[in-house]
Amino acid sequence: MNVVDVIRSLAGFAWLGVIGLGVLAIARASRNQGAKGIGTTVVIVLIVAIVLTTLGAGLVYVESNERGVVKTISAGGVRPQALEPGLHWILPVVEQVVTYSISNQSYTMSAAVTEGQVQGDDSIRARTKDGQEVILDASVIYRVDPLKVVQLHIVWQNNYEDGIVRPEARGIIRDAASQYGVEEVVSTKRLEMVQYITEELRKTMADNNLELLDFVLRDIHFSEEYAAAVETKQIAEQQAQQAKFVVEQKKQEAEQARQVAQGQADAAVIAAQGAAEAQIIQAQAQAEANELIGQSLQANPEILQYQYILKLAPGVQTIFIPSGNQFILPLPNTTPTTTPTVTIP
């Protein structure tokens with residue numbers, strides 16, 4: 001309760017006092033009792049009541065979040081400047097103050113019944129560039145321009161919410177949606193659309209003495225038919241992605257099998273090459289050994305006879321040969337034979 005309310009309350013009590021004292025004075029006078037003192041009191045209380053009533057009618061207190069527009073009978077109908085927060089004096093009877101809040105205000109348009117200023121479905125239905133219907137929930141956060149309260153009062157008075165905010169916001173939102181495709185509105189161009197709406201709404205509200213603080217696109221949904229089509233499309237895309245994943249998996253398995261087979265083939269080739277090289281090395285070693293053996297036999301022919309005897313009977317330690325008789329088996333001739341040379345005279 002501010003000081004003006006206190007003064008008006010006191011003025012009310014003073015008038016009640018005047019009435020009460022007046023009734024008492026009349027009652028005493030009807031009984032031929034003295035009412036001189038009461039009459040004086042009535043006059044004093046009456047003067048106090050008049051003064052307080054005058055003060056209550058002339059004093060105006062403007063809250064810190066308000067601005068006051070003074071309506072007057074003088075030319076123009078209003079004072080050119082709004083009243084700032086604090087206590088002000090106006091001319092009783094000929095002037096009157098209308099206060100406007102300059103606090104932040106929010107106007108919500110939603111499909112939810114319990115949200116927004118309008119009960120029921122108050123969402124915005126719009127058509128996109130490709131002819132699809134989208135349903136949008138939005139909130140406009142704004143305030144009255146403190147420097148333009150008088151102009152706002154002259155043009156709109158207290159009807160600016162229904163006269164400016166609601167119709168302008170709905171119209172700009174519909175216009176913005178019509179410039180984009182449905183998929184752009186939902187995803188890729190949503191931020192761009194919100195920025196467009198914000199800028200256009202800020203210009204429009206500034207022209208009508210309001211300040212746009214923020215625009216919030218709260219939700220976007222579709223008609224039941226389009227929502228069902230979108231769901232079917234998403235299911236098909238998911239199935240396609242799953243099939244693509246299976247194909248890629250099979251490709252990876254085939255590539256893995258090919259790499260395993262290639263590795264096995266490479267290993268077989270390497271093993272074959274190793275075996276061939278081993279055989280070559282063994283053959284070379286055998287040839288070299290044979291060459292060394294041949295050279296040794298040429299230098300020591302008796303070794304061949306010794307080896308021949310060992311092959312006959314490895315367990316025989318001694319062989320007896322009758323004198324004058326030939327050996328059972330002819331020993332190999334280890335001396336080179338020469339062909340006789342015949343000389344013809």
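Is Gly68 buried or exposed, and what is its relative accessible area?

Tutor: This is a predicted model, in which local features need pLDDT of at least 70, side-chain atom pairs count only at pLDDT 80 or more, and totals for chains, interfaces and linings use all residues. Residues are numbered from 1 along each chain as its sequence is written, and side-chain values use heavy atoms, with hydrogens and water left out.

Gly68 is buried, at a relative accessible area of 0%. Buried means under 20% relative accessible area, exposed over 50%, and partly exposed in between (1.4 Å probe, protein chains only). Gly68 sits in strand β2, residues 66–72. Strands (E, at least two residues) and helices (H or I, at least four) are DSSP runs, numbered from the N terminus. Beyond its neighbours within four places in sequence, Gly68 contacts Val62, Ala82, Leu83, Val97, Val98 and Thr99. Contact means heavy atoms within 4.5 Å. Val149 lies 81 residues from Gly68 in sequence, yet the C-alpha atoms are 8.1 Å apart in space.

Next, Thr108. This residue belongs to strand β5, residues 105–109. Thr108 is also buried, with a relative accessible area of 13%. Its side chain makes a polar contact with the side chain of Ser139, at 2.9 Å. Such a contact is a pair of N or O atoms within 3.5 Å; within protein, one must be able to donate a hydrogen and the other to accept it, and residues adjacent in sequence count only if both atoms are side-chain atoms. Setting aside residues up to four places away in sequence, Thr108 touches Ser139, Ala138 and Arg218, among others.

Ser139 and Ala138 are also touched by Phe215. Phe215 is one of the residues with the most contacts inside the largest nonpolar core, which has 40 residues. A nonpolar core is a set of buried Ala, Val, Leu, Ile, Met, Phe, Trp, Tyr and Cys residues joined through side-chain atoms within 4.5 Å. Helix α4 (residues 160–177) gives this core its largest share, 8 residues.

Finally, a charged pair. Arg143 and Glu211 form a salt bridge, with the closest N and O atoms 2.9 Å apart. The term means a side-chain nitrogen of Lys or Arg within 4 Å of a carboxyl oxygen of Asp or Glu. Arg143 lies in strand β7 (residues 133–144) and Glu211 in strand β8 (residues 210–222), so the pair ties together parts 68 residues apart in sequence. Arg143 is partly exposed at 24% relative accessibility, and Glu211 is partly exposed at 25%.
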